[in-house]
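Please open the structure in your viewer and keep the selection tool at hand.

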Amino acid sequence: MLLIRLLILTSLAMLAFAGNSLLCRAALKQTSIDAASFTSIRLISGAIILLLIVKLRGTRIEVGQGSWLSASALFIYAAGFSFAYISLSAATGALLLFGAVQITMIGYGIFGGERLLKAQLSGLVLAFGGMVGLLLPGISAPPLLGSVLMLGAGVAWGIYSLRGKGAGDPTNVTAGNFLRTVPITLLMSLLLIKQVNLDHAGIGYAIVSGAIASGIGYAIWYMALPAMKSTNAATVQLSVPVIAAIGGVAMLGEPLTLRLVLASTAILGGIALVIYQKQNV
(Lines give C-alpha, C1' and ligand atoms only; values in the text may rest on other atoms or scores of the structure.)
Protein backbone atom coordinates (compact mmCIF):
# COMPACT_ATOMS: atom_id res chain seq x y z
CA MET A 1 0.00 0.00 0.00
CA LEU A 2 2.81 2.39 0.91
CA LEU A 3 4.65 1.51 -2.31
CA ILE A 4 1.55 2.20 -4.42
CA ARG A 5 1.09 5.55 -2.67
CA LEU A 6 4.74 6.43 -3.30
CA LEU A 7 4.47 5.50 -6.98
CA ILE A 8 1.32 7.60 -7.41
CA LEU A 9 2.79 10.64 -5.65
CA THR A 10 6.06 10.40 -7.58
CA SER A 11 4.29 10.01 -10.92
CA LEU A 12 2.06 13.02 -10.22
CA ALA A 13 5.07 15.12 -9.22
CA MET A 14 7.02 14.23 -12.37
CA LEU A 15 3.96 15.01 -14.52
CA ALA A 16 3.68 18.36 -12.76
CA PHE A 17 7.35 19.20 -13.35
CA ALA A 18 7.10 18.30 -17.03
CA GLY A 19 3.77 20.13 -17.17
CA ASN A 20 5.51 23.39 -16.31
CA SER A 21 7.55 23.14 -19.51
CA LEU A 22 4.50 22.28 -21.61
CA LEU A 23 2.31 25.00 -20.10
CA CYS A 24 4.94 27.71 -20.47
CA ARG A 25 5.78 26.73 -24.04
CA ALA A 26 2.09 26.51 -24.97
CA ALA A 27 1.38 29.93 -23.46
CA LEU A 28 4.25 31.66 -25.24
CA LYS A 29 3.66 29.83 -28.53
CA GLN A 30 -0.13 29.77 -28.77
CA THR A 31 -1.22 32.89 -26.87
CA SER A 32 -0.11 36.52 -26.83
CA ILE A 33 1.00 36.68 -23.17
CA ASP A 34 4.52 38.05 -22.64
CA ALA A 35 7.19 36.17 -20.71
CA ALA A 36 7.42 38.68 -17.84
CA SER A 37 3.68 38.56 -17.19
CA PHE A 38 3.67 34.76 -17.37
CA THR A 39 6.46 34.68 -14.77
CA SER A 40 4.69 37.10 -12.43
CA ILE A 41 1.33 35.33 -12.61
CA ARG A 42 3.01 31.95 -12.15
CA LEU A 43 4.95 33.01 -9.05
CA ILE A 44 2.02 34.88 -7.48
CA SER A 45 -0.31 31.91 -8.09
CA GLY A 46 2.29 29.57 -6.62
CA ALA A 47 2.66 31.76 -3.53
CA ILE A 48 -1.11 31.87 -2.96
CA ILE A 49 -1.68 28.13 -3.33
CA LEU A 50 1.32 27.24 -1.14
CA LEU A 51 0.12 29.54 1.62
CA LEU A 52 -3.31 27.90 1.40
CA ILE A 53 -1.72 24.44 1.59
CA VAL A 54 0.26 25.43 4.67
CA LYS A 55 -2.90 26.79 6.29
CA LEU A 56 -4.97 23.69 5.43
CA ARG A 57 -2.28 21.49 6.97
CA GLY A 58 -3.00 23.26 10.23
CA THR A 59 0.58 24.45 10.33
CA ARG A 60 1.34 27.96 11.47
CA ILE A 61 2.14 30.12 8.44
CA GLU A 62 5.65 31.33 9.13
CA VAL A 63 6.40 33.75 6.33
CA GLY A 64 9.76 34.35 7.95
CA GLN A 65 10.90 30.92 6.79
CA GLY A 66 12.97 30.91 3.62
CA SER A 67 15.36 33.68 2.63
CA TRP A 68 15.77 36.50 0.13
CA LEU A 69 18.78 34.76 -1.39
CA SER A 70 16.78 31.60 -2.06
CA ALA A 71 13.86 33.70 -3.34
CA SER A 72 16.22 35.48 -5.73
CA ALA A 73 17.45 32.13 -7.08
CA LEU A 74 13.82 31.02 -7.45
CA PHE A 75 12.98 34.20 -9.35
CA ILE A 76 16.01 33.87 -11.67
CA TYR A 77 14.96 30.30 -12.42
CA ALA A 78 11.34 31.25 -13.16
CA ALA A 79 12.22 34.31 -15.27
CA GLY A 80 14.97 32.56 -17.24
CA PHE A 81 12.63 29.59 -17.77
CA SER A 82 9.89 31.81 -19.23
CA PHE A 83 12.07 33.93 -21.48
CA ALA A 84 13.91 30.83 -22.75
CA TYR A 85 10.65 29.20 -23.81
CA ILE A 86 9.95 32.03 -26.22
CA SER A 87 12.29 30.24 -28.63
CA LEU A 88 12.96 26.74 -27.25
CA SER A 89 10.81 23.65 -27.73
CA ALA A 90 9.37 22.01 -24.61
CA ALA A 91 11.70 19.00 -24.98
CA THR A 92 14.90 20.98 -25.55
CA GLY A 93 14.10 23.39 -22.73
CA ALA A 94 13.39 20.60 -20.23
CA LEU A 95 16.57 18.77 -21.22
CA LEU A 96 18.77 21.86 -20.85
CA LEU A 97 17.09 22.78 -17.56
CA PHE A 98 17.38 19.32 -16.08
CA GLY A 99 20.96 18.86 -17.27
CA ALA A 100 22.04 22.20 -15.79
CA VAL A 101 20.32 21.46 -12.47
CA GLN A 102 21.95 18.07 -12.04
CA ILE A 103 25.39 19.19 -13.21
CA THR A 104 25.22 22.18 -10.83
CA MET A 105 24.42 19.93 -7.89
CA ILE A 106 27.02 17.32 -8.85
CA GLY A 107 29.57 20.10 -9.37
CA TYR A 108 28.82 21.46 -5.91
CA GLY A 109 29.56 18.05 -4.43
CA ILE A 110 32.88 17.89 -6.27
CA PHE A 111 33.78 21.42 -5.13
CA GLY A 112 32.99 20.35 -1.58
CA GLY A 113 35.54 17.55 -1.77
CA GLU A 114 33.43 14.67 -3.03
CA ARG A 115 35.55 12.26 -5.06
CA LEU A 116 34.22 10.65 -8.21
CA LEU A 117 34.99 7.15 -9.42
CA LYS A 118 36.24 6.59 -12.97
CA ALA A 119 32.77 5.51 -14.07
CA GLN A 120 31.29 8.68 -12.56
CA LEU A 121 33.86 10.84 -14.34
CA SER A 122 33.01 9.07 -17.58
CA GLY A 123 29.33 9.79 -16.97
CA LEU A 124 30.03 13.45 -16.29
CA VAL A 125 32.12 13.76 -19.47
CA LEU A 126 29.35 12.02 -21.43
CA ALA A 127 26.74 14.43 -20.06
CA PHE A 128 28.86 17.48 -20.88
CA GLY A 129 29.53 16.06 -24.34
CA GLY A 130 25.81 15.65 -24.91
CA MET A 131 25.19 19.24 -23.83
CA VAL A 132 27.91 20.55 -26.15
CA GLY A 133 26.61 18.38 -29.01
CA LEU A 134 23.12 19.75 -28.53
CA LEU A 135 24.32 23.36 -28.64
CA LEU A 136 26.80 23.08 -31.54
CA PRO A 137 25.81 25.24 -34.54
CA GLY A 138 23.67 23.49 -37.14
CA ILE A 139 20.22 23.37 -38.69
CA SER A 140 18.67 21.62 -35.69
CA ALA A 141 20.62 23.49 -33.00
CA PRO A 142 18.40 25.35 -30.49
CA PRO A 143 18.58 29.19 -30.44
CA LEU A 144 21.65 30.33 -28.51
CA LEU A 145 19.97 33.04 -26.40
CA GLY A 146 17.14 30.73 -25.33
CA SER A 147 19.66 27.99 -24.51
CA VAL A 148 21.81 30.31 -22.38
CA LEU A 149 18.72 31.57 -20.52
CA MET A 150 17.55 28.02 -19.80
CA LEU A 151 21.01 26.92 -18.65
CA GLY A 152 21.06 29.93 -16.33
CA ALA A 153 17.61 28.95 -15.05
CA GLY A 154 18.90 25.43 -14.38
CA VAL A 155 21.90 26.70 -12.44
CA ALA A 156 19.60 28.95 -10.38
CA TRP A 157 17.24 26.05 -9.63
CA GLY A 158 20.22 23.89 -8.66
CA ILE A 159 21.37 26.57 -6.22
CA TYR A 160 17.83 26.92 -4.88
CA SER A 161 17.63 23.15 -4.35
CA LEU A 162 21.00 23.04 -2.58
CA ARG A 163 20.02 25.91 -0.28
CA GLY A 164 16.75 24.14 0.54
CA LYS A 165 18.42 21.09 2.08
CA GLY A 166 17.82 21.09 5.83
CA ALA A 167 16.19 24.53 5.75
CA GLY A 168 13.17 23.47 7.80
CA ASP A 169 9.70 22.35 6.78
CA PRO A 170 9.95 22.19 2.94
CA THR A 171 6.41 23.39 2.16
CA ASN A 172 6.60 26.23 4.67
CA VAL A 173 10.01 27.31 3.41
CA THR A 174 8.90 27.11 -0.22
CA ALA A 175 5.79 29.19 0.58
CA GLY A 176 7.99 31.83 2.21
CA ASN A 177 10.36 31.89 -0.76
CA PHE A 178 7.52 32.15 -3.29
CA LEU A 179 6.02 35.00 -1.29
CA ARG A 180 9.34 36.85 -1.36
CA THR A 181 9.48 36.57 -5.16
CA VAL A 182 6.26 38.57 -5.52
CA PRO A 183 7.77 42.08 -5.15
CA ILE A 184 10.78 41.07 -7.29
CA THR A 185 8.68 39.74 -10.15
CA LEU A 186 6.26 42.69 -9.99
CA LEU A 187 9.26 45.03 -10.29
CA MET A 188 10.39 43.13 -13.39
CA SER A 189 6.92 43.45 -14.93
CA LEU A 190 6.88 47.16 -14.10
CA LEU A 191 10.27 47.68 -15.78
CA LEU A 192 8.99 45.80 -18.86
CA ILE A 193 5.53 47.35 -18.79
CA LYS A 194 5.75 48.44 -22.44
CA GLN A 195 5.99 44.75 -23.41
CA VAL A 196 2.99 43.65 -21.33
CA ASN A 197 0.48 41.66 -23.37
CA LEU A 198 -2.26 39.66 -21.71
CA ASP A 199 -5.03 37.38 -22.87
CA HIS A 200 -7.37 34.99 -21.07
CA ALA A 201 -5.73 31.81 -22.35
CA GLY A 202 -2.21 32.97 -21.46
CA ILE A 203 -3.30 34.02 -17.97
CA GLY A 204 -5.00 30.64 -17.54
CA TYR A 205 -1.85 28.75 -18.53
CA ALA A 206 0.22 30.84 -16.09
CA ILE A 207 -2.21 30.25 -13.20
CA VAL A 208 -2.29 26.49 -13.83
CA SER A 209 1.52 26.46 -14.06
CA GLY A 210 1.91 28.38 -10.80
CA ALA A 211 -0.91 26.97 -8.70
CA ILE A 212 -1.04 23.34 -9.87
CA ALA A 213 2.21 22.36 -11.63
CA SER A 214 4.40 24.43 -9.28
CA GLY A 215 2.57 24.89 -5.96
CA ILE A 216 0.64 21.62 -5.70
CA GLY A 217 3.34 19.77 -7.68
CA TYR A 218 6.04 20.80 -5.20
CA ALA A 219 3.78 19.90 -2.24
CA ILE A 220 3.19 16.41 -3.69
CA TRP A 221 6.93 15.96 -4.30
CA TYR A 222 7.72 16.86 -0.70
CA MET A 223 5.16 14.27 0.45
CA ALA A 224 6.99 11.59 -1.56
CA LEU A 225 10.58 12.61 -0.73
CA PRO A 226 10.75 11.36 2.90
CA ALA A 227 10.12 7.79 1.69
CA MET A 228 12.83 7.90 -0.98
CA LYS A 229 16.61 7.68 -0.94
CA SER A 230 18.27 10.82 -2.27
CA THR A 231 19.79 8.88 -5.15
CA ASN A 232 16.39 7.47 -6.10
CA ALA A 233 14.90 10.94 -5.93
CA ALA A 234 17.57 12.21 -8.31
CA THR A 235 17.20 9.25 -10.67
CA VAL A 236 13.43 9.47 -11.01
CA GLN A 237 13.76 13.06 -12.22
CA LEU A 238 15.45 11.68 -15.34
CA SER A 239 11.92 11.04 -16.55
CA VAL A 240 10.97 14.74 -16.68
CA PRO A 241 12.65 15.66 -20.00
CA VAL A 242 11.30 12.45 -21.54
CA ILE A 243 7.74 13.26 -20.45
CA ALA A 244 8.16 16.84 -21.72
CA ALA A 245 9.45 15.56 -25.07
CA ILE A 246 6.50 13.19 -25.51
CA GLY A 247 4.08 15.93 -24.48
CA GLY A 248 5.70 18.45 -26.82
CA VAL A 249 5.37 16.12 -29.80
CA ALA A 250 1.84 14.94 -28.96
CA MET A 251 0.29 18.18 -27.72
CA LEU A 252 2.28 21.00 -29.31
CA GLY A 253 3.28 19.38 -32.61
CA GLU A 254 6.99 19.87 -31.94
CA PRO A 255 9.54 17.88 -33.97
CA LEU A 256 11.71 15.23 -32.35
CA THR A 257 15.09 15.60 -34.05
CA LEU A 258 17.90 13.05 -34.16
CA ARG A 259 20.21 15.59 -32.52
CA LEU A 260 17.81 15.92 -29.57
CA VAL A 261 17.46 12.14 -29.20
CA LEU A 262 21.24 11.60 -29.23
CA ALA A 263 21.91 14.53 -26.88
CA SER A 264 19.18 13.33 -24.50
CA THR A 265 20.68 9.85 -24.43
CA ALA A 266 24.15 11.22 -23.66
CA ILE A 267 23.07 13.79 -21.06
CA LEU A 268 20.53 11.66 -19.18
CA GLY A 269 22.62 8.51 -19.51
CA GLY A 270 25.75 10.27 -18.23
CA ILE A 271 23.95 11.76 -15.24
CA ALA A 272 22.27 8.43 -14.49
CA LEU A 273 25.71 6.78 -14.44
CA VAL A 274 27.01 9.35 -11.93
CA ILE A 275 23.97 8.87 -9.68
CA TYR A 276 23.97 5.06 -9.96
CA GLN A 277 27.68 4.77 -9.10
CA LYS A 278 27.21 7.16 -6.18
CA GLN A 279 24.44 4.96 -4.85
CA ASN A 280 26.72 1.91 -4.93
CA VAL A 281 29.81 3.51 -3.39
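This is a predicted model: local features need pLDDT of at least 70, side-chain atom pairs count only at pLDDT 80 or more; totals for chains, interfaces and linings use all residues.

Residues are numbered from 1 along each chain as its sequence is written, and side-chain values use heavy atoms, with hydrogens and water left out.

**Stop 1: helix α3**

Select residues 68-84, which make up helix α3; helices here are DSSP runs of H or I with at least four residues, numbered from the N terminus. Among the buried residues of α3 are L74, F75, Y77, F81 and S82.

**Stop 2: the nonpolar core and the aromatic cluster**

Next, select Y77, F81, Y85, M150 and I271, the residues with the most contacts inside the largest nonpolar core, which has 70 residues. Such a core is a set of buried Ala, Val, Leu, Ile, Met, Phe, Trp, Tyr and Cys residues joined through side-chain atoms within 4.5 Å. In soluble globular proteins, nonpolar side chains tend to be buried together.

Now show the rings of F17, Y77, F81, Y85, W157, Y160, F178, Y218 and W221, which form one aromatic cluster. Rings of Phe, Tyr and Trp (its six-membered ring) pair if their centres lie within 6.5 Å, and planes under 30 degrees apart count as stacked, over 60 as edge-to-face and the rest as tilted. By this rule the count comes to eight aromatic pairs. One of them is the edge-to-face pair of F17 and W221, with 5.9 Å centre to centre and 75° between the planes. This pair links distant parts of the chain, since F17 is in helix α1 and W221 in helix α8 (residues 200-224), 204 residues apart. Both F17 and W221 are buried.

The charged end of R42 sits over the ring of F81, 5.0 Å from its centre, and that of R180 sits over the ring of W68, 5.6 Å from its centre; the rule asks for NZ of Lys or CZ of Arg within 6 Å of the ring centre and within 35 degrees of the ring normal.

**Stop 3: the salt bridge**

Where is the salt bridge that E254 forms? Select E254 together with R25, whose closest N and O atoms are 3.3 Å apart. The pair links distant parts of the chain, with E254 in the loop between α10 and α11 (258-279) and R25 in helix α1 (residues 2-30), 229 residues apart. The structure holds one salt bridge, defined as a side-chain nitrogen of Lys or Arg within 4 Å of a carboxyl oxygen of Asp or Glu. E254 is buried, with a relative accessible area of 7%, and R25 is buried as well, at 12%.

Leaving aside neighbours within four places in sequence, Y85 is in contact (heavy atoms within 4.5 Å) with several residues, including R25, L28 and M150.

**Stop 4**

L28 lies in helix α1 and counts as buried, with a relative accessible area of 15%. L28 and S82 are 54 residues apart in sequence and 8.2 Å apart in space, C-alpha to C-alpha.

Move on to T174 in helix α7 (residues 170-191), which at 3% relative accessibility counts as buried. Beyond residues up to four places away in sequence, T174 touches L50, Y160, Y218 and Y222.

Finish at L126 in helix α5 (residues 118-135), which is partly exposed, with a relative accessible area of 41%. Its C-alpha atom is separated by 8.2 Å from that of I271, 145 residues apart along the chain.

Key
Buried means under 20% relative accessible area, exposed over 50%, partly exposed in between (1.4 Å probe, protein chains only). Helices (H or I, at least four residues) and strands (E, at least two) are DSSP runs, numbered from the N terminus. The expected span of a helix is 1.5 Å times one less than its number of residues.
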